[in-house]
Structure formats: structure tokens, C-alpha cells
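Here are a few notes to read alongside the model. Keep the viewer open and click through the residues as you go.

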Amino acid sequence: MNTSFPDASHALQMTGKTALVIGGSSGIGNGIAQCFRRQGAVVHVTGTRGSADDYAQETGSDLQGLHYSQLDVSQSAAVQDWQPALPDLDILVMAQGAVVYRRQEFQSETFNHVVNVNLLSVMQLATRFYPQIKARKGSMIFIGSIGAYKSVVGNPAYAASKAGLLGLTRTLGDAWGRDGVRVNAIAPGMIATKMTEVTTQHPERLKTALESISLGRLGQPEDIAHLALFLASPLASYITGQTIIVDGGRSL
């Protein structure tokens, strides 16, 4: 059997590709969006604020060269009504995320909100854009968490939604792989973003976290972006339904 493999020197180039990063206005999603843009892709991102200008002073947010749309994924009706200008789509990245601290996730309203953002919206958007991704034989990448594999004390909604995302990745990877659509996920550990400031901005908590990381440092959005670039490229053409942990060894 003859098998042709992509030229690695060009496989990570994205010229001619269109990517949509849900939650790409800041944090991990923004790191992925800018990585894809630097490789030549046309990149669309969403955020909850009214315009890209509203993120101008936000640490960890760089919307230069990206096409911005407002979208609140916690509202199913808003997702349904959203009409982005995307005639073609090669890559769909789901980087939306919510977590609520101080044990508020034990309350039904908060639990539902976190699950809506972290899991239900992923399925809603995946099925919505599936026909476009299928037409381009493209791929989807979901951003999960190492919280899918362990207890997350104080955050039952976050833990449950990320565990559910792991199962969703397996199932969609299997179901849609037959149509040439690859679905994979990345499970980050402690990444230095606004969402993790509850830990990173407190010296004692940060010290404890660093002691649990084999590589001795916090992850950066670029650490996740580089894997996302690989998963979206032809180099990963035989990978689907997988969740890959990127945590510097924290889960070991």
C-alpha cells in the first residue's frame, strides 16, 4: 500500500485556511487564534463583549488581525441566532470556558451556567458548523482540562462538564471520522490566564501549584496553541477522538 505523507516543512502552514475560535478573545483561545493567524490562516474569534475595542486594555488579549464577533455561548438562543460571515470553514476551535469559585457551583443556577458554557454550547456549535467542516474535510479541537480526570473540589460543574467533553470528543471523533472530519481535544493543566489568577496571583497558592508541576513552571497559552496547530495540520491526519494532556507533568 502506498501512503503519502505531508512535507513537514510546510504542513504547519495555514495559508488558504479559515479558522473559527470560539472564546478566542483572550486566554488560551486567543493564543491559538494568533498562532493560526501567524501561520497564514484567516481567523475569526468570538467573545462576550460588544466589540474588539472593549478588549484593548485586557491582559492576555490580542485581537490584531483577527475578525471579531460578539457571542454569549451560555445562551442557547444567542448561539442559534448568531449569523457569522463564514462561507467556508476548515478549523473550529472551542475554547469557551467558565468556572465559578467559592463553592457557588453547588447552586443549581450556577451549575447550569457552567455546564451550558463548557459542554452544551460545544455540542450546539459543533453540530451547527459540522456541514461546513465536512465540506472542507477539516477538523475540530475542543479545549478541555485535566479536571476531567480527577476531583476538582469546590467546582462540581467544571469537573463534570470537562469530563463530559472528554466523552463527547471520543464519540464525535468516531461518528464524524467516517466523513473525513477529525475531532480532538486538549486537556491543559495550570495555564497562566485570567481564569487561573485565583491561584497565580496568590504567592502561597502559586507555590503549591508549582510544586505539583514536574517541569516547574506555569504553562502559557502558546503551549496549548502549538499542539492545536499540530492537531489542525496534516501531520495529525490519523488522529481523531483523542484528548491530549498538556500540563507540564502536573497530573503525574
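**Notes on the packing**

1. Start with Phe129, which is buried, with a relative accessible area of 2% (buried means under 20% relative accessible area, exposed over 50%, partly exposed in between, using a 1.4 Å probe and protein chains only). Before going on, a word on the ground rules: this is a predicted model, where local features need pLDDT of at least 70 and side-chain atom pairs count only at pLDDT 80 or more, while totals for chains, interfaces and linings use all residues. Residues are numbered from 1 along each chain as its sequence is written, and side-chain values use heavy atoms, with hydrogens and water left out.

2. How many aromatic pairs are there? The count comes to three, where rings of Phe, Tyr and Trp (its six-membered ring) pair if their centres lie within 6.5 Å, and planes under 30 degrees apart count as stacked, over 60 as edge-to-face and the rest as tilted. One of them joins Trp82 to Phe129 edge-to-face, with 6.1 Å centre to centre and 75° between the planes. This pair links distant parts of the chain, 47 residues apart: Trp82 sits in the loop between helix H3 (76-81) and strand S4 (91-94), and Phe129 belongs to helix H4 (residues 108-135). Helices (H or I, at least four residues) and strands (E, at least two) are DSSP runs, numbered from the N terminus. Trp82 is buried too, with a relative accessible area of 9%.

3. Now look at Tyr130 and Trp176, an aromatic pair that is stacked, at 4.2 Å centre to centre and 25° between the planes. Again the pair links distant parts of the chain, with Tyr130 in helix H4 and Trp176 in helix H5 (residues 156-177), 46 residues apart. Are these two buried or exposed? Both Tyr130 and Trp176 are buried.

4. The axes of H4 and H5 come within 8 Å and cross at roughly 15°; axes are lines fitted to C-alpha atoms, for helices over the stretch in contact, and angles run from 0 to 180 degrees between N-to-C directions. H4 and H5 are therefore roughly parallel to each other (angles under 35 degrees count as roughly parallel, over 145 as roughly antiparallel, 65 to 115 as roughly perpendicular and the rest as oblique). Their crossing is right-handed; a crossing is left-handed if the near helix is turned anticlockwise from the far one by less than a right angle, and right-handed if clockwise. Residues making the contact include Phe111, Val122 and Tyr130 of H4, and Tyr158, Leu168 and Trp176 of H5, with contact meaning heavy atoms within 4.5 Å.

5. Helix H2 (residues 27-38) and helix H8 (residues 221-232) pack at an angle of about 50°, with their axes 8 Å apart. That makes H2 oblique to H8, and H2 passes H8 in a right-handed crossing. Among the residues that meet are Gly27, Ile32 and Phe36 in H2 and Ile224, Ala228 and Leu229 in H8.

6. Back to the surroundings of Trp82. Leu20 is found in strand S1 (residues 18-22) and is buried, with a relative accessible area of 1%. Not counting residues up to four places away in sequence, Leu20 touches Trp82 and Phe129, as well as Thr46 and others. Thr46 is found in strand S2 (residues 42-47) and counts as buried at 1% relative accessibility. Leaving aside its neighbours within four places in sequence, Thr46 is in contact with residues including Leu20, Tyr68 and Trp82.

7. Which residues does Asn155 contact, leaving aside its neighbours within four places in sequence? They are Val99, Val100, Tyr101 and Glu105. Asn155 lies in the loop between strand S5 (139-143) and H5, and is buried, with a relative accessible area of 6%.

8. Finish toward the end of the numbering used here. Val246 is found in strand S7 and touches residues including Ile186, Asp223 and Ile224, not counting residues up to four places away in sequence. Leu252 is in the segment after strand S7 (243-246) and is exposed, with a relative accessible area of 86%. Leu252 and Ser214 are 38 residues apart in sequence and 8.1 Å apart in space, C-alpha to C-alpha.
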